[in-house]
Amino acid sequence: GAAGNALPPANQIIKNEDTGTSYVQQSSLAFAGATITNVAAENKTLVDFGAGGSAALDWINVKTDFGAIGDGVADDQAAVQNAINAAQTGPKGVVYFPPGMYKVTGLAAAGRVVLLGSGQAVSIIYSTSNAIILTMSGDVSFRGGYVEKLTIRGIVTAGSSQVGLRMHDATYQYGCVVRDVRIEDCGDNGLSVGNTFSSLWENVFITNCADYPLLYDANNMPQNAFRSVYVGDLRSTGVVAFRIKAGHFVGYDCNGVNST
C-alpha cells in the first residue's frame, strides 16, 4: 500500500496483480511506500516487492523462539545451542540475541551461521565454565560463519580451558567474519585462531584474559586480515598481546597494549 493508505485487516489475503501471488497480511507489518517500518520481534515475515525484489526477514530469536532468558543467572545453554542447531539445519541462518546476558557452558557453531547481537556490552554470551565459550568450525563445504555485535565474557578464574572464541576446523574453514565483537575476562586466550583462512576480524576488542588475548596458530592458512583489533588490559607483563605461533598474519591499525 502507498504511504498514508489504511492497512488491510490482519489475516486478509493480499494478491499481487503482477505475479498473481497471494499473501496474508500480518498485523505487525506496516508500510511507508516500499519500506518496512515495523516488523514483529520474531522477524518471520516474507515481503514481496514485485519487480523491486524481495526482502526475507527470517531470523531465529533466542528468546522468543527458543526460550532463552538472558538474565545472566538462568542456564541458557540448551536454548541457545538449540537455536544455533536450528539455523544450521534449516533455512534460517541468522541467530539473533536481543539485549541480555546469556549464560552458557560452551557453544558450537558449524557452517554459515550468523550470530548477531544488538551491540557490544548489550548482547552478552557469558560463561563461568572451564571450557571454550564459543567454537566456530566449517560445514561440509568448509564454509565458516559470522559473529557480529556481541560480547563474549568469561571469568578469569574459570581455568585454562576457557577460551572466549575458538575458530578451528579439523580440516579447515574459510569465509569467516568476526566484526564489532568484544571478548573479555576469559580464563585462557580471548581469541584463538587455527585452521581458518580467507577470513576477516574487524573492530574486535580483547581485554583482561588470563593468557594471550590473541593466539594465532594457522599454518598454511592464507588471506586472513585483522583490522582494528585492539587489546586492552593484560593480566601479566609476561604475556604478549598477539601470539603469532604459525602462519601468515596481516594486521591493519592494530594497537599496542596496556599492562596491569
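Analyst: What follows takes the helix as a whole and then turns to one residue in it. The model is a predicted one, and the helix in question is H1, residues 77-89, in which Gln-88 is found.

In H1 the buried residues are Gln-77, Ala-79, Val-80, Gln-81, Ala-83, Ile-84 and Ala-87. These buried residues pack against strand S7 (59-61), strand S8 (71-75) and strand S9 (94-96), and also against strand S10 (100-103), strand S11 (107-110) and strand S12 (114-116). The largest nonpolar core has 43 residues, and those touching the most other members are Val-95, Phe-97, Leu-115, Leu-134, Leu-165, Leu-191 and Trp-201. H1 supplies the largest share of this core, 5 residues. Phe-97, for its part, touches residues that include Val-80, Leu-115 and Ile-125.

Gln-88 counts as partly exposed, because its relative accessibility is 31%, and a residue is called buried under 20% and exposed over 50%. Leaving aside residues up to four places away in sequence, Gln-88 touches Ala-108, Ala-109, Ala-110 and Val-113. With Ala-110 there is a polar approach, in that a polar atom of the Gln-88 side chain lies 2.6 Å from the backbone nitrogen of Ala-110. Val-113, although 25 residues from Gln-88 in sequence, is 6.3 Å from Gln-88 in space, taken from C-alpha to C-alpha.

Technical notes. Residues numbered from 1 in each chain as written. Predicted model: local features only at pLDDT ≥ 70, side-chain atom pairs only at ≥ 80, totals over all residues. Heavy atoms only, no water. Helix = DSSP H or I, 4+ residues; strand = E, 2+ residues; numbered from the N terminus. Buried < 20%, exposed > 50% of the residue type's maximum accessible area, 1.4 Å probe, protein only. Contact = heavy atoms within 4.5 Å. Polar contact = N/O pair within 3.5 Å; in protein donor to acceptor, adjacent residues only side chain to side chain. Core = buried A, V, L, I, M, F, W, Y, C linked by side-chain atoms within 4.5 Å.
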